[in-house]
Amino acid sequence: MHNLIKLIKGELQRLQKYNVTLISLIVTLIWVALLYFIDDTDVFLMLLPLVIILDVTMMSIMYTGAVMYFEKSENTMLSILVTPVSHKDIIISKIIANVIQQTISTLLVILAFVFLKDISVSWIIILLMMLSIGFHTLLGFVFTYTAKDFTTMLTNFMFVMIVFATPSILVYVNVIQTNDLINYLLLMSPFEQATVMISSVFTQTYDVMFFMCIVLMITYFALMYRWYVLPKFSSYVQKGSGV
């Protein structure tokens, strides 16, 4: 536990060193500025959850990939591996650090409009945000493992997000209509799971699909961590170091 705490502190420091924390705060300010000038209440209440969803999904993946490639270029990861810490602790520390940073920045968007526009929201959203950020941080590992450089990672990431996120966004904004079968098929997508969970908090609608999304995301997290991210970590580090 002591090693894990030290690793988390180190990860938070690296987020600041690589300016990821600063960029995250700038993105937060941009979200707040864009939403603040929307006068139509219905449009605002539709876009606010969508901004939260994009922040905890897409941003979490991009920040994870950015930090890991900075570490790869500086051989930081290799130096950590010679210390008496396990691969498990390193991965978990990265997940927790990203959850802390991203939860704070996304929460600032919500708090801004709690005061500026007097919106009300159930604070269970914090737990759902943390779950979504944690899972999409793992996805950041996957994209990083499977790309030879940061540009390739971004290209792969954008392609996958367009394929999986576009249907969820179109359904969310009521551009296309679906039936129950399609809705349940969409639930297989992590982006749809995040969309349903977070939008449900704003609408105060906790139905079967809401709880299915929580179970599915936890299941995906456990399977991805156990069978892919953890086993592939050593080979990723060795490949990056030229071993």
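Student: How many positive and negative side chains does the chain have, and how far apart do the centres of the two sets lie?
Tutor: In this predicted model, the chain carries 12 positive and 13 negative side chains, and the centres of these two sets are 20 Å apart.

Student: What makes the radius of gyration of the chain agree with that of a compact globule?
Tutor: For 243 residues a compact globule would have a radius of gyration near 18 Å, and the chain has 18 Å, so the two values agree.

Student: Why is the pair of Phe-135 and Tyr-220 called tilted?
Tutor: The structure holds eleven aromatic pairs, and in this one the ring centres lie 6.2 Å apart with the planes at 40 degrees. Planes under 30 degrees apart would count as stacked and over 60 as edge-to-face, and the rest are tilted, so the pair is tilted. Because Phe-135 belongs to helix H6 and Tyr-220 to helix H10, the pair ties together parts that are 85 residues apart in sequence.

Student: How do you know whether Phe-135 and Tyr-220 are buried or partly exposed?
Tutor: Buried means under 20% relative accessible area; Phe-135 has 1% and is therefore buried, whereas Tyr-220, at 22%, counts as partly exposed.

Student: What makes the pair of Phe-141 and Tyr-145 edge-to-face?
Tutor: Their planes are 85 degrees apart, with 6.1 Å from centre to centre, and an angle over 60 counts as edge-to-face. Both residues lie in helix H6, four residues apart, which is about one turn of the helix, and together with Tyr-228 and Tyr-236 they form one aromatic cluster.

Methods:
Residues numbered from 1 in each chain as written. Predicted model: local features only at pLDDT ≥ 70, side-chain atom pairs only at ≥ 80, totals over all residues. Heavy atoms only, no water. Rg over C-alpha atoms; globule rule 2.2 N^0.38 Å. Lys, Arg positive; Asp, Glu negative; His and termini not counted. Charge placed at Lys NZ, Arg CZ, Asp CG, Glu CD. Phe/Tyr/Trp six-rings, centres within 6.5 Å; stacked < 30°, edge-to-face > 60°. Helix = DSSP H or I, 4+ residues; strand = E, 2+ residues; numbered from the N terminus. Buried < 20%, exposed > 50% of the residue type's maximum accessible area, 1.4 Å probe, protein only.
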